[in-house]
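The exercises below ask you to read a structure step by step, with the sequence and the 3D view open beside you. Please try each task before you turn to its solution.

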Amino acid sequence: VVVKRSINTTAILGNIVAMAIIGLPFVISLFLALDSILQASSAFSFLLPSTRQTPLLGLLHSSSSTDTLSIDTTHHDELVWGMIRFFGEDMVDHQTNRFYYTCHPQLGECRHVHFPIRDLAAVWDATKALEYTKQFHCDGIDNGSNSIMIQQSLTDAVKCTLSVYCSTLNPINSGEGMHLDEGTLLEPPNIGHSALLLLGLCNSCRLSILDQGDKEMQDIVEGLATGILSMQRDNGAFDIEFGKGNDYLQWIEFFPGEAMLALMSVYELLSTTSNILEESTGRDILLAMEHAFRFYSSYYYSEEVDISVNFDIWQILAFAKYYDVLDHNQQTKREEVKRYILEMCQEICESRSWRQQLARGQSFYVNLDTIEIACGLDALAEGIRIAQQEEDLSDVAKLFKMHATNVLYFLKWSQDQVPDDCIVGKGGLGYGGIQVSQTTIHYLFECFLYLTLP
């Protein structure tokens, strides 16, 4: 795999600020990322080069001397279940069944902030946490925590939050689908809002939190998906804000990838719930993805634009699902999509934080941006999964797993930075050597705002 360009670190740092406004995936997208990384490998250990000073792209071939670094499953469990406890116990307001946005460990309090897109993302996060607890039977939740109460807390918050946003959906003026209500959002509705609501609805259906056979729910899923599809331009790009038009380059790092991921998540439901969408809508989704791939891959390979890590992350997550539905009669397209995914994964590994700091060990952790690291892990898990499907990509998979292991150690270390005497916040992620002041719901709940994150 060849990286197409050097990373513009100024653009990356600028977008870290933007991420605090717009949003990415998700405590708990991280949970499934951790698990998918572990399950993608037949063993919990792999070879790492003995030196951590060499540029990472050369690590696999730069030294004949290697050390084996194992993923410590005990630390993995502590990381994951600590986040689930934090999510279910601290970040849900049990009086209103709504998610808090911030947690202030040293003040011992959690606070609400009106931030709709992160509120919607929290629903998706919570369903992923619930999916994880269901898969692993909550064996990791102990130390006085009631696993049943945590699951119920998250389930109640999911239902309540979905009800708020689904009860005020509005039809698009053109009659093509629906979008969220501006009065509820207190901001113009965009495809990011629709995408995150769809992702929460899809996972809630899979977990039977919602009844997949409910006609009203099916109409909402159909309407939101159709609404997103209506925003696709002739060139394959998606416009962003409903009713505005010609803004497809605005927040291109985030919302188009979120929208395509949501569309493919809905399409996946067709395999188990045939009436979740009209058959024609399912076909339209695949045609839209093919059309979008031509635009976004061309945009990515253009030397005239700077690509941020955020763009890479969401594009990987969306097109990994598209790759999975392409059959072997579409081998040329599969190869193109696979190349696109793996090159973006490698570009994540080449970013400033991953290449120059993360791999150099704990003494460099104080300089790291937790958002960029954690969110990249979810995308990297898809790269590992896809690379391991082919023997000639084994070195690529090994490289990605090396980086993923470094991330796990960093995140566990970061989690341990929350002071032990705090009554709330344990299980969230601290940041560097700076005193933790505020934990926020956005970006997987593992990210900290103000002093603790950029």
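**Exercise 1. An aromatic pair**

Does Phe 99 count as buried or exposed, and which relative accessibility places it there?

*Solution.* Keep in mind from the start that this is a predicted model. The relative accessibility of Phe 99 is 5%, and since buried means under 20% relative accessible area, Phe 99 counts as buried.

Now find the ring that pairs with Phe 99, and decide which parts of the chain the pair ties together.

*Solution.* A search through the whole structure gives 20 aromatic pairs. In one of them, Phe 87 and Phe 99 stand 5.7 Å apart from centre to centre, with 45° between their planes, and the pair is described as tilted. Phe 87 belongs to helix H4 (residues 73-90) whereas Phe 99 belongs to strand E4 (residues 98-99), so the pair ties together parts that are 12 residues apart in sequence.

Turn next to the pair of Tyr 248 and Phe 295, and work out its geometry and its place in the chain.

*Solution.* The ring centres of Tyr 248 and Phe 295 are 5.7 Å apart and their planes meet at 80°, so this pair is edge-to-face. Tyr 248 sits in the loop between H9 and H10, while Phe 295 sits in helix H11 (residues 279-301), so the pair ties together parts that are 47 residues apart in sequence. Both Tyr 248 and Phe 295 are buried. The two rings also belong to a cluster linked by ring pairs, whose members include Tyr 296, Phe 311 and Tyr 340.

**Exercise 2. Salt bridges**

Which side chain meets Glu 390 in a salt bridge, and what is the N to O distance?

*Solution.* The structure as a whole contains 14 salt bridges. In the one asked about, the partner of Glu 390 is Lys 338, at 2.2 Å from N to O. Glu 390 is in the loop between H15 and helix H16 (394-415), and Lys 338 is in helix H13 (residues 331-349), so the pair ties together parts that are 52 residues apart in sequence. With a relative accessible area of 24%, Glu 390 is partly exposed, whereas Lys 338, at 5%, is buried.

Next, describe the salt bridge between Glu 382 and Arg 385.

*Solution.* Here the N to O distance is 2.8 Å, and both residues lie in helix H15, 3 residues apart, which is about one turn of the helix. Glu 382 has a relative accessible area of 17% and is buried, while Arg 385 has 27% and is partly exposed. Apart from neighbours within four places in sequence, Glu 382 is in contact with Ile 316, Leu 317 and Ala 320.

**Exercise 3. A charge without a bridge**

Which side chain of opposite charge is nearest to Asp 247, and how far away is it?

*Solution.* First locate Asp 247, which lies in the loop between helix H9 (215-229) and helix H10 (255-269). The nearest side chain of opposite charge is Lys 244, at 4.7 Å. Because a salt bridge requires the nitrogen and the carboxyl oxygen to be within 4 Å, Asp 247 has no salt bridge, although Asp 247 is buried. Finally, leaving out residues up to four places away in sequence, Asp 247 touches Asp 239, Ile 240 and Glu 241.

Note on methods. Residues are numbered from 1 along each chain as its sequence is written. This is a predicted model: local features need pLDDT of at least 70, side-chain atom pairs count only at pLDDT 80 or more; totals for chains, interfaces and linings use all residues. Side-chain values use heavy atoms; hydrogens and water are left out. Helices (H or I, at least four residues) and strands (E, at least two) are DSSP runs, numbered from the N terminus. Buried means under 20% relative accessible area, exposed over 50%, partly exposed in between (1.4 Å probe, protein chains only). Lys and Arg count as positive and Asp and Glu as negative; His and the chain ends are not counted. Contact means heavy atoms within 4.5 Å. Rings of Phe, Tyr and Trp (its six-membered ring) pair if their centres lie within 6.5 Å; planes under 30 degrees apart count as stacked, over 60 as edge-to-face and the rest as tilted.
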